[in-house]
Amino acid sequence: MSIRIQAKPFELMLKYPFSISGYSRESTPLMLLELELDGLIGVGEASMVPYHGENLATASEFLSKVKLDWLQAPFNFDELRDYLDGLAPGNPNIKAAIDIALHDLQGKIDQRPCWQYFDVDPERMPLTSITIGMDSREVILKKVQEAEPAQILKVKLGGEADKMLIETIRSVTDKPLFVDANQGWKDRNQALELVHWLQEQGVMLIEQPMDKNNWEDNAWITEQSSIPILGDESIQRMADVEKAKGVYHGINIKLMKSAGMHEAWQMIQMARKLDLKILIGCMSETSCATLAAAALAPLCDWADLDGPFLTKNNPFPNPDFKNGKWVLNNLPGLGIS
Ligand code: MG
């Protein structure tokens, strides 16, 4: 019996237009995958945020080359990665969808939850932040209220109004904050000044202060910051992890960058070896990719897995969320009920 692939385009609607430094959109195209073997179905998801270059056409074209008839359970995920990378470079989103669906399928074959494959202790699940995107003062206050289930908020900075945004949030809550500058800061002296100010405001970490290719200035900020500085856009796949050493205190790992759960897990091992901190993050995602990342989250220092909170037509039931954390269940595979 060989694995049958079914792909379904899906437009994931955002609750609010997504705005980061210099850019805005209202939905995200997804390619949802079902891989079927002997009556069991594994579910996967590619979330294709436009600025990464993948879309429904590139995903379909890539899938047209994929033949999984050589694959035998238990699946060898190193072989799978080499096979997919051999078909075409890039395309990490659709590669992630295949990897996630096969992990779900493997769990259903073995009747085991995916997190068990990574030797994860569900009790070590970190708190997950909910993101407050750039907006007017009024909308920011509404977003903070709606993010009530989270014990940590993540704030997108990198514009003209950075201090105003933080002061607005601080006028209503003293929850710890993550800050994501999304490469938005252009001058390293001003950036460092802001980093020191943010520390006084109860900020726990800062993602990607300056341009992803500006290793020197990002390293200069890291050296002088006592809050962890993390590389996100700079760090995509396994080969990038070593480059983070000496430039950032840690890295942001996302399944849509790492081409799936297997390589994300390998990146976690490598980061630990290099003494780098780890945030596990996400794109605009449904319960499917959220649960896939949550299966690895207990191996990380922090989590920013807020997809289901920021979208309004999640086609799957929302996973359990208690005391600011996702709850891993014992259902086979990803645990989508
Ligand atoms: Mg980021």
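Here are some notes on this predicted model, going from the overall fold to the metal site and a few backbone details.

1. Overall build. The protein has 12 helices and 13 strands. Its radius of gyration is 19 Å, against the 20 Å that the globule rule gives for 337 residues, so the protein is as compact as a globular protein of that length. If you want a box, the C-alpha atoms fill roughly 60 × 40 × 40 Å along the principal axes.

2. Inside and contacts. Of the 337 residues, 56% are buried. Taking contacts with a separation of 6 or more, 68% of them join residues 24 or more positions apart.

3. Surface and charge. Accessible surface comes to about 14100 Å², and carbon and sulfur atoms own 49% of that. There are 33 positive and 47 negative charges, and their mean positions sit 1 Å apart.

4. The magnesium site. Asp-180 (OD), Glu-207 (OE) and Asp-232 (OD) coordinate the magnesium ion at 2.1 to 2.2 Å. Along the sequence, the donor residues follow the spacing D-x26-E-x24-D. Glu-207 belongs to strand β7 (residues 203–207), while Asp-232 is in the loop between β8 and α8 (238–244); the two are 25 residues apart, so to speak a link between distant parts of the chain. Glu-207 and Asp-232 are both buried.

5. Helix α7. Which residues of α7 (residues 215–224) are buried? They are Asp-217, Asn-218, Ala-219, Ile-221 and Thr-222. The packing partners for the buried residues of α7 are α6 (188–200) and β8 (229–231).

6. A cis peptide. The bond joining Ala-73 and Pro-74 is cis, with omega at about -5°. You'll find Pro-74 in the loop between α1 (56–65) and α2 (77–87).

7. Positive phi, buried case. Gln-208 has phi near 40°, positive although the residue is not glycine. Gln-208 lies in the loop between β7 and α7. Its relative accessibility is 0%, so Gln-208 counts as buried.

8. Positive phi, exposed case. Asp-275 is another non-glycine residue with a positive phi, here near 60°. The loop between α10 (261–273) and β10 (277–281) holds Asp-275. Is Asp-275 buried or exposed? Asp-275 is exposed, because its relative accessible area is 64%.

Terms used:
Residues are numbered from 1 along each chain as its sequence is written. This is a predicted model: local features need pLDDT of at least 70, side-chain atom pairs count only at pLDDT 80 or more; totals for chains, interfaces and linings use all residues. Side-chain values use heavy atoms; hydrogens and water are left out. Helices (H or I, at least four residues) and strands (E, at least two) are DSSP runs, numbered from the N terminus. The radius of gyration is taken over C-alpha atoms; the globule rule is 2.2 Å times the number of residues to the power 0.38. Buried means under 20% relative accessible area, exposed over 50%, partly exposed in between (1.4 Å probe, protein chains only). Contact means heavy atoms within 4.5 Å. Accessible areas come from the Shrake-Rupley method with a 1.4 Å probe; for residues, only the protein chains shown count as cover. Lys and Arg count as positive and Asp and Glu as negative; His and the chain ends are not counted. The place of a charge is taken as NZ of Lys, CZ of Arg, CG of Asp or CD of Glu. Donors are N, O and S atoms within 2.8 Å of the metal (3.2 Å for Na, K and Ca); water is not among the atoms, so sites may look incomplete.
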